Amino acid sequence: MKRTAVGAALLLLLPLTACGGTAAAGGDGSTVTVTVGYQSKTINTVTAGTLLRSLGAFEKELDALHDGHTYKVDWQDYATGAPITAQMTAGKIDIGSMGDFPLLINAARGKQLNRPTRLVSVTGYNLRGGLNTIVTAPDSTIGSLAGLKGKKVSTSIGSAADGTLIRALRRAGIDPDEGVQKLNQQPAVGASALSAGSVDALSQFVAWPGLLAYQGKAKALYDGAELDLPTFHGVTAREDFAEKRPAVLEAFLRAQAEATDYLDAHPVAAAEKVAEATGLPAEVVYLYNGAHGISTFDPALKPRLVNALKQDVTILKAAKLTGDVDVDAFVDDRYVKKALGAGYAEHLATRPAAPAGEVWLKGAERTRTFKSPARLLSYVARHKATIRAAYVPDATTDTLWFADKAVWVDDGGRLLPFVAPATAKAYVAGRTGARVIPYADALRRAS
């Protein structure tokens with residue numbers, strides 16, 4: 001981690017690009033380049049990145065400013081939030097999106113390097129923490145967190161997924177520093193390491209766990225929603241940029257709201273757009289970003305999410321990744337309030353959609369919704385040839401998961417899905433006659 005800090009500091013020595021309201025090099029002062037850092041495959045940020053870019057909503061908002069400037073948007077794609085923070089503190093990125101733990105590091109680095117940043121909106125969130133998952137190889141015999149003791153676990157240190165790993169291990173009575181061999185790896189590297197057998201587990205954020213499970217390269221070990229602590233991604237902006245170009249930042253946030261409305265109104269089409277732009281399977285995108293997906297999208301800076309951010313500070317301090325972070329000073333809702341106008345209070349009051357199962361038929365522009373897992377399974381059993389994907393919410397955490405990857409329990413004829421085996425076994429242990437059954441048996445019993 002020392003190398004990361006040194007690298008961020010060295011970036012300050014590089015010449016600054018023409019962003020943040022500066023005229024483009026060689027221009028006459030009328031062209032302004034706005035640089036946006038995003039994570040295309042971190043699909044919890046699509047309303048401030050991948051989907052927003054594909055819709056062209058930000059560019060349209062900038063064109064509508066009519067302030068005498070011509071605006072150019074420079075979209076820069078990264079795998080994680082760390083390089084976005086490095087570029088922001090170097091004055092090279094104006095607006096960026098990242099997860100809750102990286103946001104805090106963003107705040108700390110900005111203050112440390114005298115280039116303060118501000119959290120200006122939220123992209124997607126899950127109130128229980130279901131955006132992060134710990135997975136193992138498909139043939140792994142590890143059945144619970146206790147089985148990770150002494151094992152190699154890949155994660156991205158300083159990420160929200162790392163925070164989930166730390167908290168989960170602590171609750172399991174395992175020292176997150178001494179009890180496991182933690183490897184600090186980029187998500188793609190960790191995924192390859194899991195497939196190669198060089199690590200025993202992988203703790204990562206959206207969309208890596210779902211992607212690996214969908215591909216048959218991993219199975220869930222721990223559902224982050226068991227922590228029952230909110231996790232989210234958000235938009236951060238350099239303070240000097242926000243103060244110099246408030247109308248531009250507000251235009252970005254209006255565009256983000258437009259992208260959010262589009263995702264809510266056309267979840268299947270949005271998933272297809274994101275899939276096309278990222279190369280991710282649309283079925284995986286929909287798992288997280290669908291109508292009843294793991295993530296809920298809303299730009300509002302909800303108090304519950306801000307309070308969760310304050311709790312995250314203690315984890316980062318213990319890991320010596322930051323010192324104290326003044327969250328209240330970091331959060332700045334002035335711009336999103338102005339962008340959303342009178343509707344902001346309504347945004348603050350919105351809640352995630354009620355849990356429900358969904359079936360996506362081949363060629364369909366909308367999914368079919370099922371309130372009962374048994375009814376969903378019955379439908380799947382009768383339409384196997386036309387099923388593109390089927391999703392079910394965990395019986396205890398509500399985290400959506402692929403029906404054929406879920407752990408199924410028969411409880412006196414009731415068919416209940418779970419993301420992780422330990423959660424299913426804990427449920428069975430408290431109920432006489434309940435037992436874990438294979439997915440194929442669940443289908444047969446429902447048909």
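How many bridges join strand S5 to S9, and do the two run parallel or antiparallel? In this predicted model, strand S5, residues 132–136, is joined to S9 by four bridges, and the two strands run antiparallel. Within this pairing, Val-135 stands opposite Ala-220 of S9.

The two strands belong to an open sheet of five, ordered S7-S6-S8-S5-S9, with mixed pairing. Its edges are strand S7 (181–184) and strand S9 (219–223), each of which pairs on one side only. On average, neighbouring strands of the sheet are turned by 30 degrees against each other, direction ignored. Helix H7, formed by residues 187–196, packs on the sheet and touches S5, strand S6 (152–155) and strand S8 (201–205). The direction of H7 makes about 155 degrees with that of S8.

Some backbone details lie in loops. The loop between S8 and helix H8 (208–214) contains Ala-207, and the peptide bond from Val-206 to Ala-207 is cis, with omega near 10 degrees. Asn-114, which is not a glycine, has a positive phi of about 60 degrees. Asn-114 sits in the loop between helix H5 (100–112) and strand S4 (117–126) and is exposed, with a relative accessible area of 67%. Asp-398 also has a positive phi, near 70 degrees. The loop holding Asp-398 lies between strand S14 (387–393) and strand S15 (400–402); Asp-398 is partly exposed, at a relative accessible area of 42%.

As for confidence, the protein chain averages a pLDDT of 93, and 94% of the residues score at least 70. Over residues 1–18 the pLDDT is below 50, and this stretch has 23 contacts in the model beyond near neighbours in sequence. Where pLDDT is low, predicted coordinates should not be read in detail.

Notes: Residues numbered from 1 in each chain as written. Predicted model: local features only at pLDDT ≥ 70, side-chain atom pairs only at ≥ 80, totals over all residues. Heavy atoms only, no water. Pairing = 2+ DSSP bridges. Axes fitted to C-alpha atoms, helices over the stretch in contact; angles between N-to-C directions. Contact = heavy atoms within 4.5 Å. pLDDT = per-residue confidence, 0-100. Buried < 20%, exposed > 50% of the residue type's maximum accessible area, 1.4 Å probe, protein only.
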